Each structure stands twice: as structure tokens, then as C-alpha cells.
Amino acid sequence: MATIKIFTSPTCPNCPPAKVMGEELKKQKLDVKMFNIVEADGLAEAQYCGVMSVPAIIVADKEDNEIAAWKNGLPSIEEVVKKTK
């Protein structure tokens with residue numbers, strides 16, 4: 001199963017919709033991991049994934065290889081779900 005990684009920051013004005021999307025994807029029983037880039041773990045994961053700005057969404061396979069990424073603007077929920085198949 002693919003993992004959806006969502007990167008946000010508490011001071012980012014564009015991040016609340018990404019957080020809402022994460023909650024909606026969780027309701028669809030998808031594997032969603034939320035990362036706050038202000039925290040050490042979130043920042044480390046963002047650096048590992050090449051995230052330079054937030055919000056960012058990455059879909060990764062079970063070996064943690066990137067399948068799809070949106071690092072500048074949010075996709076629709078449908079676009080994200082399609083990449084997890």
C-alpha cells in the first residue's frame with residue numbers, strides 16, 4: 001500500500017487545506033503521515049524527500065520510493081487517491 005506524506009507548517013497560510021485533505025484521506029482508510037516541518041522529525045523527512053516549501057504532498061510506495069509529488073500547490077483528493085492504486 002502506498003503512503004501519503006503531507007508536509008505543513010503552523011505558520012503557512014496555504015497549509016490548512018492540506019491538513020483537511022489529510023483528514024479526508026484518512027477517512028478513506030489510506031495510509032497518511034502528517035509532517036510538521038517545524039519539528040525535527042518533520043524537517044528531517046522534508047529534507048529526505050526534497051521538500052523545499054509547504055504545503056507539499058508525496059505519495060510513496062512500500063519501499064519509500066516516490067510515486068508522485070505535489071510540491072507547489074495542492075492536487076485534488078481524487079488525483080492523490082489515483083496515485084495510491
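## Exercises on a predicted model

Phenylalanine 35 counts as buried, with a relative accessibility of 15%; buried means under 20% relative accessible area, exposed over 50%, and partly exposed in between (1.4 Å probe, protein chains only). The model is predicted, so local features need pLDDT of at least 70 and side-chain atom pairs count only at pLDDT 80 or more, while totals for chains, interfaces and linings use all residues. Residues are numbered from 1 along each chain as its sequence is written, and side-chain values use heavy atoms, with hydrogens and water left out.

**Exercise 1.** Find the partner of phenylalanine 35 in an aromatic pair and classify the pair.

*Solution.* 
- Rings of Phe, Tyr and Trp (its six-membered ring) pair if their centres lie within 6.5 Å; planes under 30 degrees apart count as stacked, over 60 as edge-to-face and the rest as tilted.
- The structure holds one aromatic pair.
- Phenylalanine 7 is the partner: the centres are 5.0 Å apart and the planes 15° apart, and the pair is stacked.
- Phenylalanine 7 belongs to strand β1 and phenylalanine 35 to strand β2, 28 residues apart. Helices (H or I, at least four residues) and strands (E, at least two) are DSSP runs, numbered from the N terminus.
- Phenylalanine 7 is buried too, at 0% relative accessibility.

**Exercise 2.** Which residues of helix α2 are buried, and what do they pack against?

*Solution.* 
- Helix α2 spans residues 40–49, and its buried residues are Gly42, Glu45, Ala46 and Cys49.
- These residues sit on the same side of α2, because they cover an arc of only 100° around the axis. The arc is that of the directions from the helix axis to the C-beta atoms.
- They pack against β1 (3–8), β2 (31–36), β3 (56–60) and β4 (66–70); contact means heavy atoms within 4.5 Å.
- Glutamate 45, at 19% relative accessibility, touches Lys5, Phe7, Phe35 and Asp64, not counting residues up to four places away in sequence.
- The face turned away from the buried side carries the exposed residues Ala40, Gln47 and Tyr48.
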